[in-house]
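Thanks for coming. I will go through one structure today, starting with the terms and then moving from the whole fold to single residues.

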Amino acid sequence: MTPCSSEMKADQTTANAAGAVLRLLVRNHAGVMSHVCGLFARRGFNVDGIVSVPLGNGDRSAILLLVNEDERLEQVVRQLRKLEDVLDVTRSPEARQAFTAVTTLLA
């Protein structure tokens, strides 16, 4: 028996519950997302969700990344902080609501 789509979505939400949400403050210009995603790709580290919004007058953006919580995460965070256009990296558990809202909208 194949689970219905709502059961599969519930399973995905449960699976992501153990993940971490990183909040990046970045300079907003072409190529920033490519640099961030490229770092994850080089490390073979999966990103389960991305939300990005401009801040203030648009010269900066906040990027929320839903990622797996594993032993490699701290190294990835250290490398994110070294990227030229990344101004700040913090863990943001309260930002999980953004991913829940998007999932609900797309359901």
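Buried means under 20% relative accessible area, exposed means over 50%, and partly exposed is in between, using a 1.4 Å probe and protein chains only. This is a predicted model, in which local features need pLDDT of at least 70 and side-chain atom pairs count only at pLDDT 80 or more, while totals for chains, interfaces and linings use all residues. Residues are numbered from 1 along each chain as its sequence is written, and side-chain values use heavy atoms, with hydrogens and water left out.

First, the overall fold. There are four helices and four strands in the protein, and along the sequence they come in the order α-β-α-β-β-α-β-α. Helices (H or I, at least four residues) and strands (E, at least two) are DSSP runs, numbered from the N terminus. Of the 107 residues, 30% are buried. A contact means heavy atoms within 4.5 Å. Among contacts with a separation of 6 or more, 73% are between residues 24 or more positions apart.

Next, helix H3, residues 73-82. Which of its residues are buried? They are Leu73, Val76, Val77 and Leu80. These four sit on the same side of H3, because they cover an arc of only 100° around the axis; the arc is that of the directions from the helix axis to the C-beta atoms. As background, an α-helix has 3.6 residues a turn, so residues three or four places apart point the same way. The cover over the buried residues of H3 includes strand E1 (20-27), helix H2 (32-43), strand E3 (60-67) and strand E4 (86-91).

Strand E3 also holds Ser61. Ser61 is buried, at a relative accessible area of 4%. Its side chain makes a polar contact with the side chain of Asn28, at 3.3 Å. A polar contact is a pair of N or O atoms within 3.5 Å; within protein, one must be able to donate a hydrogen and the other to accept it, and residues adjacent in sequence count only if both atoms are side-chain atoms.

Now the aromatic residues. The structure holds one aromatic pair. The ring centres of Phe40 and Phe45 are 5.8 Å apart and the planes are at 65°, so this pair is edge-to-face. For the cut-offs, rings of Phe, Tyr and Trp (its six-membered ring) pair if their centres lie within 6.5 Å; planes under 30 degrees apart count as stacked, over 60 as edge-to-face and the rest as tilted. Phe45 lies in the loop between H2 and strand E2 (47-55), and counts as buried at 5% relative accessibility. Leaving aside neighbours within four places in sequence, the contacts of Phe45 include Asp70, Arg72, Leu73 and Val76.

Last, the charged residues. The structure holds four salt bridges, each a side-chain nitrogen of Lys or Arg within 4 Å of a carboxyl oxygen of Asp or Glu. One of them joins Asp85 and Arg27 (3.7 Å, N to O). Asp85 is in the loop between H3 and E4 and Arg27 is in strand E1, so the pair ties together parts 58 residues apart in sequence. Asp85 counts as buried at 12% relative accessibility, while Arg27 is partly exposed at 35%.

Another salt bridge joins Asp70 and Arg72 (3.2 Å, N to O). Asp70 is partly exposed, with a relative accessible area of 24%, and Arg72 is partly exposed at 34%.
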